[in-house]
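Here is my note on the structure, written for someone who has not seen it before. The points can be read in order.

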Amino acid sequence: MMALFALEPASLLALALLIWLVSGVAGGVFSAAARLSGLISGLGGMVASAAVIVAAFEIVHRGGAVQAVALPVLPFTAEFSPLNGVLLLAMSVTALFCSLYACAWLAGTTSRKRSRTGLLCHLLMAALTAAAVANNAIELLVMMELAALCAYFLIVQTDDVKSRRAGLNQFLSGRLGTVCLILAFTVLHHVSGSLDFDVLRHTAFPAGAKSLAFLLALAGFGLYAGIIPLHAWVPQSHSSAPAHAAALFSSVLMKIGIIGIVKVGLDLLGAPPLWWGLMVLLLAILTAFIGGLYALMEHDIRRLLAYHTLENVGIILLGVGGAMTGVALNLPELAALALLAGLFHLFNHGLFKTALFLGAGEIEMQTGIKDMEKLGGIARLMPWTAVAMLVALMSMAALPPLNGFASEWLLYQSLFQLSAAPLFIARLLGPLLAVGLALTGALALMCVAKVFGVTFLGAPRSKAAEEATPAPLAMTLSSVLLAMLCIVFGVASSWIIPHFAAVAASVLNAPVLQAAQHGAVFSATSAVSAPMVALLLLGMPLLPWIIAAVLRGARLPNRLRGEAWACGYGHSADMVVTATGFTQPLRVMFGPLYRLRQHVMPAKLVSTLHQGWLGAFCRRLAFIELAVLLVVAFA
Amino acid sequence: MNFPFLLNSSLWPLALIQAVALLAVAPLFAGFSRVMRARMHNRRGPGVLQEYRDIAKLLKRQSVAPAASGPAFRSMPYLLTGGLLVIATALPVVTLASPMGAAGDLITVIYLFAVVRFVFAIAGLDTGSTFTGLGASREAVLGVLVEPILLLGLWVAALVAGSTSLGAISARVLHWPVSSSLTLILAGLACAFATYIEMGKLPFDMAEAEQELQEGPLTEYSGAALGVLKIGISLKQLVVLQLFLGLFFPFGMAEHITPLALLIAGVLSLVKLLIAVFLVALVENSVARLRFLKTSRTTWAGFGLAFLALVSWLVAG
């Protein structure tokens with residue numbers, strides 16, 4: 001027990017896991033006392049996340065080769081590498097703020113929900129933390145399965161038709177993913193005779209087995225990460241679960257899938273052949289584009305954000321695929337830059353997406369509305385939430401100088417290097433992928449303008465939206481602090497990127513790429529200085545303001561009055577452009593792509609699938625599986 | 001690679017000077033465009049300086065806004081103009097290298113334009129007016145249509161130059177590589193197309209369509225705010241045009257900083273802008289506006305040009 005008090009990464013992790021479990025159970029036991037229970041759960045989660053953050057810093061900082069370390073007290077051997085460290089960091093920063101949010105959220109809900117949500121979220125985080133540092137395939141699969149089941153129960157908690165459907169989708173695709181992964185590791189076990197990552201890493205696989213295992217693993221991890229067309233479970237599940245749980249799905253659960261692809265594609269199986277990289281690149285751009293396109297047509301804020309998560313998964317995978325292609329083409333600089341961009345975007349996505357989900361949760365808590373068509377004018381009533389959401393939305397649309405821009409800029413540079421590669425297919429794909437990314441960026445810009453404009457600006461569209469009040473302090477603070485981190489990681493990106501470069505280098509076994517110096521980020525072909533851009537963007541608007549102020553003199557002050565002009569007719573609330581109206585032109589222009597959904601997923605098939613008995617059956621199955629897995633995990 | 005241009009200490013005053021200079025001459029070019037239109041309509045019309053007089057008058061007036069509007073609406077004219085000024089500092093205007101290397105990168109500039117578009121769009125949604133909302137929507141849609149053309153065209157030019165920094169592209173085009181002539185010409189045409197759309201002139205004046213949308217997102221602005229917005233929009237046209245001219249017509253721009261070279265480059269850049277504005281006015285006054293929902297068919301032509309540039313680069317390289 002004493003070992004827990006030594007501040008080693010291993011003991012910190014064990015401590016965190018124990019705190020998660022204990023505070024989750026304790027929160028459930030005291031669920032009758034709303035505030036106390038919320039405080040126990042929330043604070044427990046925060047302390048545990050903080051412990052993991054410290055541990056992750058040490059793991060990343062230590063760098064170097066992969067180490068296997070036995071955790072004290074718990075029967076678990078962990079694998080520490082900078083890649084795992086970055087994943088832990090991205091997960092626990094998210095979890096920290098989700099726990100802060102949960103403090104207030106749990107206190108304001110029913111006792112039944114409180115005990116369940118608190119426990120399930122903590123179990124989810126504990127399982128995923130263990131999965132992030134698993135050192136063999138069985139540990140990884142058991143923990144991922146455990147997390148997926150927790151996610152299932154979080155989704156079906158709100159007992160309505162949509163949630164049941166979402167839960168069933170998630171349950172089926174989760175099990176399918178696990179089956180794919182089991183098959184993938186069976187193939188590897190067949191050749192190497194072991195499931196330990198360290199043994200796999202040093203085994204030379206025949207090309208056929210290697211590719212088969214990669215394809216199966218890509219499908220399995222892809223189902224978790226939500227690569228299109230394997231994304232069926234993503235949109236509605238993010239809307240049905242409580243907001244902080246949705247944030248955890250988006251920035252933690254799905255990230256495990258992405259890191260799984262990195263691990264299998266770049267780490268365990270040795271140098272990837274070219275077609276793996278190209279396939280990942282194509283899937284990535286498809287995911288990013290379709291995710292961005294479908295997000296535009298959503299009115300439920302959280303479903304919209306879930307589609308944007310898919311878009312960002314695509315963007316991260318562009319980096320991963322670029323790295324695989326770089327390794328295959330023997331272009332170490334491209335590989336290092338692309339992986340750096342992917343990992344940095346993975347981290348950044350966690351920051352802004354969590355801020356957005358928590359912000360959406362605040363609005364939902366204060367108004368009871370998820371549909372943005374019925375909101376409007378919230379910025380005046382919940383100013384801090386609005387500011388946090390604005391920053392996070394701008395960061396999601398990769399606007400300079402925020403963190404989304406910092407990572408996408410690196411990604412564009414890696415695509416530029418891909419375009420200049422000597423191979424024809426790379427020269428063809430590089431520019432087209434860049435165009436795809438730019439198109440996705442323009443769609444994202446339109447989408448964030450829609451979200452912010454329709455939800456926060458203008459006049460309220462419903463009674464509930466008119467009467468909104470600011471959310472409890474803990475909630476507001478959670479999204480505001482995350483938004484501040486978005487600014488910091490954007491403006492100070494040149495001081496942060498070297499750390500990610502070191503991680504990318506350790507995954508690729510390559511020398512560290514120098515990508516930042518003197519406040520500027522650069523690739524071999526160009527450079528940008530985020531602090532300078534930030535300074536200019538802050539300073540330049542002063543010039544027109546001064547001109548206007550000087551010329552104005554002592555005239556009448558500005559005036560706010562009356563209604564908007566409507567060609568001389570009386571203005572009425574239903575004239576105002578809605579989210580649907582705002583995006584209507586694109587619905588027409590991209591019509592065929594929107595109709596794709598109906599063709600690919602015929603309504604008849606779906607409704608057969610969702611008849612009552614299957615859902616009820618899966619629910620029982622999930623209970624049994626969860627119980628078995630918990631026993632297995634603790635044994 | 002070394003980046004001496006990044007925070008080039010000798011050039012940053014020039015960056016600010018050129019931004020302010022572009023801001024100062026923007027209404028002049030808008031006025032010139034007005035005169036051209038009047039001439040083509042066989043009217044006399046007001047003089048070249050009319051825009052200045054309009055703006056000066058507006059800046060002295062009170063701003064009136066609908067009650068539903070908030071800070072996004074009020075701050076937009078300043079943010080829009082400011083964002084464009086940031087881009088203006090980074091453009092190669094009289095020097096071949098971008099005077100503000102910190103922002104003088106292709107991707108950065110494209111995303112800075114996105115910032116401008118974002119503030120424009122959310123201000124349109126902040127008033128509760130139908131016209132401003134539709135204008136905002138159209139502005140965003142046009143962004144989706146133009147972005148691929150602009151990016152692919154510039155990307156191919158950057159590939160020829162081997163760098164995405166604006167200065168490197170200008171320098172490469174100045175020392176025209178004969179083997180890439182076709183590629184550069186096609187890329188230039190595609191960018192010219194995208195530039196024209198971004199300038200918001202007929203047949204693409206979608207966001208501010210004067211007859212059907214009554215100036216779109218500008219509808220609710222009045223007084224000083226409208227005055228600043230007018231400067232901002234004419235600055236946008238000039239900045240977009242200068243981005244194109246600076247990259248694809250860098251002839252006469254100063255490679256080495258001497259007073260004489262700067263003077264020649266300054267005069268030449270004004271002449272180039274004047275010719276470009278003249279050509280734009282010719283096109284603008286000889287076409288009718290497109291139907292908005294059919295615009296995407298026309299923009300395919302631009303994307304086709306950019307794609308041809310890519311193909312010719314693939315074949316040549």
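This is a predicted model: local features need pLDDT of at least 70, side-chain atom pairs count only at pLDDT 80 or more; totals for chains, interfaces and linings use all residues.

1. Residues are numbered from 1 along each chain as its sequence is written, chains are lettered from A and ligands numbered from 1 in the order in which they are written, and side-chain values use heavy atoms, with hydrogens and water left out.

2. Chain A contains 26 helices and 6 strands. Helices (H or I, at least four residues) and strands (E, at least two) are DSSP runs, numbered from the N terminus. The C-alpha trace of chain A spans about 80 × 65 × 55 Å along its principal axes. A compact globule of 635 residues would have a radius of gyration near 26 Å, and the 24 Å of chain A agrees with this. That radius is taken over C-alpha atoms, and the globule rule is 2.2 Å times the number of residues to the power 0.38.

3. Of the 635 residues in chain A, 63% are buried. Buried means under 20% relative accessible area, exposed over 50%, and partly exposed in between (1.4 Å probe, protein chains only). The accessible surface of chain A is about 22300 Å², and carbon and sulfur atoms hold 70% of it. Such areas come from the Shrake-Rupley method with a 1.4 Å probe; for residues, only the protein chains shown count as cover.

4. Among contacts in chain A between residues at least 6 apart in sequence, 81% join residues at least 24 apart. Contact means heavy atoms within 4.5 Å. Chain A carries 34 positive and 24 negative side chains, with the centres of the two sets 8 Å apart. Lys and Arg count as positive and Asp and Glu as negative, while His and the chain ends are not counted. The place of a charge is NZ of Lys, CZ of Arg, CG of Asp or CD of Glu.

5. Strand 1 (residues 67-70) and strand 2 (residues 77-80) of chain A run antiparallel and are joined by 4 bridges. Two strands pair if DSSP finds at least two bridges between them. In this pairing A:Q67 stands opposite A:F80. The two strands form a hairpin with 6 residues between them, and A:V73 in the turn has a positive phi of about 65°.

6. Chain A also has an open sheet of 3 strands in the order 3-4-5, with antiparallel pairing. Strand 3 (516-517) and strand 5 (527-528) stand at the edges with a single partner strand each, so one side of each has no neighbour in the sheet. Strand 3 is joined to strand 4 (residues 520-522) by 2 bridges, and A:A520 is the bridge partner of A:Q517.

7. Which residues does A:T94 touch, leaving out those up to four places away in sequence? They are A:A247, A:L248, A:S251, A:V252, A:G350 and A:T354. A:T94 lies in helix 3 (residues 82-107) of chain A and is buried, with a relative accessible area of 2%.

8. Chain B has 10 helices and 1 strand. Its radius of gyration is 19 Å, close to the 20 Å that the globule rule gives for 317 residues, so chain B is as compact as a globular protein of that length. Buried residues make up 64% of chain B. Chain B exposes about 11200 Å², with 68% supplied by carbon and sulfur atoms.
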